[in-house]
Every structure is written in structure tokens, then in C-alpha cells.
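Morning, everyone. One structure today, in a few minutes. Here it is on the screen.

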Amino acid sequence: MASFKPTKIQVYPKLGEKVTQDTLYWKNYKPAIQIKEFGAVSSIDFSPVAPHNFAVTAFTRIHIYGPYSLEPVKSLTGFKNTAYCARFRSDGQLLVAGCEDSVVRLFDVSGRVALRVFKGHTKAVQVTDFTSDQYQIFTGSDDYTCRLWDLPNATELNRYREHTDYIRCGVTSKLNRNLFITGSYDHTLKVFDARADKSVMTMDHGQPVESLLLYPSEGLLVSAGGRHVKVWDLLKGGQPLVSLKNHHKTVTSLCLSSNGQRLLSASLDRHVKVYNTTNFKVVHNLDYAASILSLALAPNDESIVVGMTNNILSIKHRKSPDESKGGPGQQKRRPSYRVSVKGKTYAPKQEDYLVSKPVKEYLAKYDKQLKKFNVSKALDAAMEIWKRQRNPDVMVAVMKELDRRGTLKNALAGRDEQGLCSLLHFLLGNVVDPRFTPVLVPVAELILDVYSQVIGQSPLVDRQLLRLQDMLEKEIGYQQELMEVLGMLDTLFASNLPKMEVPCPDTSRANGLSPGEVGTSRPPLHAT
């Protein structure tokens with residue numbers, strides 16, 4: 001008796017996303033290191049000088065981490081309430097941060113106590129930054145005002161109250177110490193010049209603005225608010241260039257890659273989108289476990305740091321060239337030469353008796369049921385695998401085997417409402433997949449033949465059958481349109497191809513006659 005042959009699972013080509021250079025670049029990071037903070041991570045900022053430490057603002061503390069340290073190298077805890085927006089100065093020696101108690105504090109990175117305290121705001125200060133000359137500080141507050149402060153004297157230089165709602169983001173110019181831009185919950189962006197008494201440019205984002213980003217050339221401004229990321233041309237008076245809507249929740253943070261060719265946006269939908277800055281198309285997507293509040297990239301994109309609402313700080317470091325290529329440290333240890341050649345030169349003698357060890361056969365659950373001819377249970381076992389792994393290959397292979405045996409109709413029959421709904425749900429998800437259509441279309445016809453008498457007794461089954469009908473009708477319409485397009489293309493190709501002359505064996509003939517026959521006529525026919 002022949003042994004039972006397990007069901008052969010056909011390997012189908014995967015319909016995954018195309019692997020591009022961006023995919024390889026942004027996936028070339030080690031697994032994330034997760035650090036538990038004291039509160040939601042609202043701000044992350046990298047120091048512009050080596051070794052590029054980064055400041056993390058969470059609850060009432062500011063932690064400064066080294067590039068590869070898992071513990072903070074410095075903690076600034078002189079806050080009575082929630083701290084906001086810690087920013088490094090361009091020399092990396094000073095750090096400024098706002099607070100819920102409306103006070104702005106200036107710290108020396110090498111110390112712990114605040115060097116200066118700036119008082120004047122009446123509500124929480126959630127925007128702070130240094131100007132390009134390093135001697136002034138720009139702040140924005142929930143009291144609708146933005147201000148410039150003199151660093152040596154701790155005095156207020158300018159005050160602007162043009163916004164009508166909270167100021168939650170801002171950025172200063174690195175090329176002109178007098179320019180800075182604010183974004184507010186009143187949906188507007190305003191460009192200020194310290195030499196003027198009011199704003200010099202206003203743009204309407206259309207949603208509460210959460211984050212601003214200025215390109216290194218400072219000709220383009222990027223704003224994030226609501227589900228939209230918008231790009232503005234400052235050289236043309238704030239003209240909108242493009243509006244991106246790739247997130248399905250509020251966008252909270254923006255940053256640029258080190259070469260300025262990729263724009264990153266983080267959102268409460270737990271995704272980080274990577275855009276190409278030439279055409280603003282999404283080239284990659286990063287997923288995280290919780291909603292993202294802050295995002296930062298290290299110089300040369302060596303690290304991606306993300307702060308989330310669940311108080312987790314996620315750090316991904318770029319792999320070294322040896323780790324990317326699977327260097328010697330990543331290779332498995334190979335057996336020694338003496339062990340690998342052991343027994344290979346042994347020649348059996350004529351009187352030797354070979355004792356073969358029986359090979360134990362391991363069958364899948366559906367194969368065990370097929371071996372016992374329990375066709376319904378075999379189909380149920382394949383259905384369980386599909387529900388658990390969402391891999392339709394096994395389910396399709398079992399159906400194909402049942403069809404080969406001629407027992408597919410028996411396996412599909414005799415099911416209750418729940419079992420029939422599971423089968424219809426599988427068909428709805430895979431019947432239009434070109435890999436499975438040749439197998440699943442006959443299955444759908446068998447289900448209709450078997451259960452045609454009970455149609456109308458279950459609203460759930462009727463609803464799924466109507467969905468299946470609509471899906472098949474749409475697919476047939478798509479196929480017909482595709483065939484029409486292919487016919488049009490064939491006609492265009494045929495008309496545009498150069499015409500080839502077909503050589504004749506005897507080109508001297510005229511109208512198929514030999515030279516002697518040209519001009520001769522047939523004799524007239526005489527009636528008898």
C-alpha cells in the first residue's frame with residue numbers, strides 16, 4: 001500500500017511593495033531601543049556639535065542622552081510644572097526651555113542650575129529657540145504672544161500679539177537674526193521681523209498648526225496641522241506649493257534628513273512618513289506602537305529618535321557597514337574541518353548489513369484529516385490556519401486537493417450559518433486575486449449550488465452573497481475595460497509600426513501575367 005503524500009502547498013509570488021533605494025536606506029536600522037520616561041515625550045532636540053547628544057523633554061524633567069547611552073548623561077530638574085521645548089544653542093553649550101508656569105529657563109549644559117530666568121508670559125510657554133546671533137531668545141506662549149529676549153540682560157526686547165489662539169510652534173532663521181516664524185491654533189502662520197512693529201507675512205494653514213520646519217536655504221517653509229502637511233514658498237510671498245494628506249490623524253512633528261532630500265512627518269496615527277522633497281511622494285513608512293508626539297534625526301541620519309504618548313522614547317541606530325552586509329561577527333560558527341569530513345571516506349564492505357532508521361512522518365492537521373477521509377474537518381483545519389496566519393495559500397491548496405479527489409462539494413456542504421459565513425468571508429478577501437481565482441471561482445459556484453435553497457433565511461449570509469456579487473461584477477467590468485484598452489493599444493502599435501515590403505519571387509510580372517502574356521486578350525466566346 002502506498003504511503004500518504006502530504007498536500008503540496010504551492011508557492012505563489014508575493015505581491016509586496018517594490019524594494020527601492022529608500023526602502024533599503026530607511027530599513028537599515030537596528031531594532032529599536034525603548035526607554036521609559038516620566039511622562040509623554042513632547043520634544044526632542046539634537047545638539048549641533050559632536051558628540052551630538054540629544055535633549056528629551058518629558059513631564060517636569062529634561063534628560064540629555066549621549067548618542068549610544070541608555071541612561072541620561074545629564075538631568076535638568078529645576079521645573080515646578082511640565083517642561084516644554086528644550087532647544088540647544090548652535091554652539092551646544094546652552095539650552096533653553098519653557099514651562100507650564102510661564103517661566104523660561106536658560107541652562108548651561110555642563111551645569112544643573114538655571115543661569116537665567118525670563119519672566120513676562122502669563123501662560124504656559126511651549127515654544128523656545130535661539131536666534132542666529134546666539135544672544136537673543138525667541139519664545140511663544142499660550143497667552144497669544146511671542147517675544148524676543150536679550151540673553152545677557154534677561155530683558156524683553158520685542159513683544160507681538162497678533163495671534164488669536166495658542167502659539168504652539170515656531171522656528172527662527174539661521175541666516176537672519178531678525179526673522180522668526182510662528183504657528184498657532186488660530187490656523188495661521190506669521191513671519192516676524194524684529195525691525196518691524198508687526199508681522200510681515202501671514203499664511204492660512206486651515207487647521208491648528210502643530211509644527212514648523214524651515215528648509216536650510218530658507219526659501220521653503222513646511223507646516224503641519226490636522227492631517228495636512230503644507231509647503232509654502234517664502235520667496236513668492238508665502239504662496240502655497242503643495243498640500244500633503246497622507247496621515248489619517250493629526251501630524252505632530254516634522255524633520256529633514258541630513259542631505260535635505262527627504263522630509264519626515266510623524267503623526268498620532270503611529271506612522272512616520274518619508275517624502276521625496278523633489279516630488280513630495282511617500283517613499284517609505286515607519287510604524288510605531290503608540291501615537292507619536294515628537295521626532296528627531298541625528299546628523300548624518302545615524303539615529304531616529306521618537307517620543308510617544310505612552311511615555312516611551314524609541315531610539316533606532318543605523319547599522320554599521322559590517323552589520324549591514326552580515327560581517328564576520330554576524331556569521332554562524334561553522335564546524336571544524338575534522339568534524340565536517342568525518343566518515344566521508346568510509347567504504348562499506350561486502351558483508352556489512354545496512355540498518356535504516358525509520359523516518360517519522362509529521363503531518364499537518366489538515367493532512368491527518370485527509371488521510372482519514374474527513375474532508376469537512378480537513379477544510380475546517382485549513383480555515384483555522386488561515387484565520388490565525390492570514391495566509392490563503394494553505395486554504396487554496398486544500399481546496400485544490402479536495403477538488404482533485406472529487407470531494408470538494410461534500411466538504412462544502414452541511415455547514416451552519418457561522419461556517420458558511422467563514423467560507424464567504426474567505427472568498428470575499430481572495431476571489432479576485434489573480435493567483436487564486438482559477439481555484440476559488442469553482443468553489444463559489446459550488447457554494448451557490450449547494451446553498452441556493454437556503455438563500456433568504458439568514459440576513460448575514462445574504463449580505464455577504466450580495467457583496468460577493470458586487471465584487472465579481474466590478475471585477476468583470478475592470479477586465480472588460482482592460483481588454484478594450486489593450487485593443488486600442490494594439491491598434492495604435494499596428495498603425496505606428498513601419499510597413500515592410502514583402503519581396504515577390506518574380507517582380508517582372510504585371511497583374512500576375514508573364515511578359516509574353518501582357519496585352520494579349522482571350523478569344524471571344526461564340527454561341528453555339
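The chain has ten helices and 28 strands. Those are DSSP runs, numbered from the N terminus: helices are H or I with at least four residues, strands are E with at least two. Ground rules. This is a predicted model, where local features need pLDDT of at least 70, side-chain atom pairs count only at pLDDT 80 or more, and totals for chains, interfaces and linings use all residues. Residues are numbered from 1 along each chain as its sequence is written, and side-chain values use heavy atoms, without hydrogens or water.

Of the 528 residues, 43% are buried. Buried is under 20% relative accessible area, exposed over 50%, partly exposed in between, with a 1.4 Å probe and protein chains only.

Now the inside. The largest nonpolar core has 40 residues. A core means buried Ala, Val, Leu, Ile, Met, Phe, Trp, Tyr and Cys joined through side-chain atoms within 4.5 Å. Leu 379, Met 395, Met 399, Leu 402, Leu 423, Leu 440 and Ile 447 touch the most other members. Helices H4 to H10 each supply at least two residues of this core. Which helix gives the largest share? H5, with eight residues. A second, separate core of 17 residues includes Trp 26, Cys 255, Tyr 288 and Ile 312.

Back to Ile 447. Beyond neighbours within four places in sequence, Ile 447 is in contact (heavy atoms within 4.5 Å) with residues including Leu 412, Leu 420 and Ser 452.

Last, Leu 482. Leu 482 sits in helix H10, residues 459-496. Leu 482 is partly exposed, at 43% relative accessible area.
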